Every structure is written in structure tokens, then in C-alpha cells.
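The structure comes before the text.

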Amino acid sequence: MSLVDKIKDAAGPVITLATPVVVQAIEKATPLVEMAMEKAAPYVEQAKEKADPFVHVAKDLAGPMVEQAINKAGPYAEKVAVTAGPILDQAKEKAGPLVEKVSGMAVEFVEVAVSTADKATGGRYHDQFESVSNVLSRNGKPGGQH
């Protein structure tokens, strides 16, 4: 199982618990955001009107410069791609052991997050948090052991 799959499995229950809170926050924030947008609308329109001439001038001036930059960077980008290829392959080979190490650390971080969230909620969601720990155990990383 890949590291991403392990993290998804471990974080899934926590995300499920957080979803209602996020939905509630969105519901409460929506009217405030709408009110702020209503109040800001006239200022946004004024800003657009004042900035419009400057935007057109900037586009006119920047167009040729962007084209020059692309033309000059093209050959260099090609050289970098040729040079970087072997370096990237080497990096991939050397990254393997580091990925294994980091995956263990990720498991530990998730366990700490679960423990912290369990304490923060006063144990109300202990069973759900425990299921996250069980997922980690099934993946061969119980209690932060590697």
C-alpha cells in the first residue's frame, strides 16, 4: 500500500468527523461573505474603472517583453531538461529510503494528531479516532513502531 493510500486510510475518519463542522462554518460564514461582497461592490467597481487604463498600458508594454523572454528561455530550458534528466533519476533512486523513513514519520504525526484531537474533543469521538489508530496498525506501523 502506498504512503498516500495509508494517509488517506488514516485521515479518512478524521475528515469525516470534520465535515459537519466545516459545513456548519460555511453556512454561518456565507451570509457574512455575501454582506461583505455587497458592501465592497461599489469599491471594486471604482477600482476597476481607475485601474483599467493602467492595465491596458501594462499589457501593451509587457507583451513584447514576455515574447522575448520566452524566445530567450527556450534553448536554456531545453539544456536544463537534458542536464537535469540524469540528476532527477539519481534523486529518485536516493529518495526511496527517505520516502520509507518519512512514511513512518507520517504515521507518527497522524497518531499524534489523532491523540491531540481526541483530547481536544474530550474523548467524544474516541471510537472514531481509535479506528484511525487501528488502520495504522493494520498497515504495520502500530503505535509509532517501525
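## Residues and chain totals

In this predicted model, histidine 126 counts as partly exposed because its relative accessibility is 36%, a value that falls between the 20% limit for buried and the 50% limit for exposed. Histidine 126 belongs to helix 2, which covers residues 126-138.

Methionine 65 is placed in helix 1, residues 3-120. With 53% relative accessibility, methionine 65 is classed as exposed, since the class begins over 50%. Together with Val57 and Leu61, Met65 makes up a nonpolar surface patch, and the accessible area of the three comes to about 310 Å².

The two residues compare as follows.

| Residue | Relative accessibility | Class |
|---|---|---|
| Histidine 126 | 36% relative accessibility | partly exposed |
| Methionine 65 | 53% relative accessibility | exposed |

For the chain as a whole, the secondary structure consists of 2 helices and 0 strands. The chain has 146 residues, of which 12% are buried. Among contacts with a separation of 6 or more, 74% involve residues 24 or more positions apart.

How confident is the predictor, and what is the mean pLDDT of the chain? The mean is 77, and 86% of the residues reach 70 or more. In residues 140-146 the pLDDT is below 50, and this stretch has 15 contacts in the model beyond near neighbours in sequence.

Notes
Residues numbered from 1 in each chain as written. Predicted model: local features only at pLDDT ≥ 70, side-chain atom pairs only at ≥ 80, totals over all residues. Heavy atoms only, no water. Patch = residues over 30% accessible without salt bridge, like charges linked within 9 Å, V, L, I, M, F, W, Y side chains within 5 Å. Areas by Shrake-Rupley, 256 points an atom, 1.4 Å probe, with all protein chains shown as cover. Salt bridge = Lys/Arg side-chain N within 4 Å of Asp/Glu carboxyl O. Helix = DSSP H or I, 4+ residues; strand = E, 2+ residues; numbered from the N terminus. Buried < 20%, exposed > 50% of the residue type's maximum accessible area, 1.4 Å probe, protein only. Contact = heavy atoms within 4.5 Å. pLDDT = per-residue confidence, 0-100.
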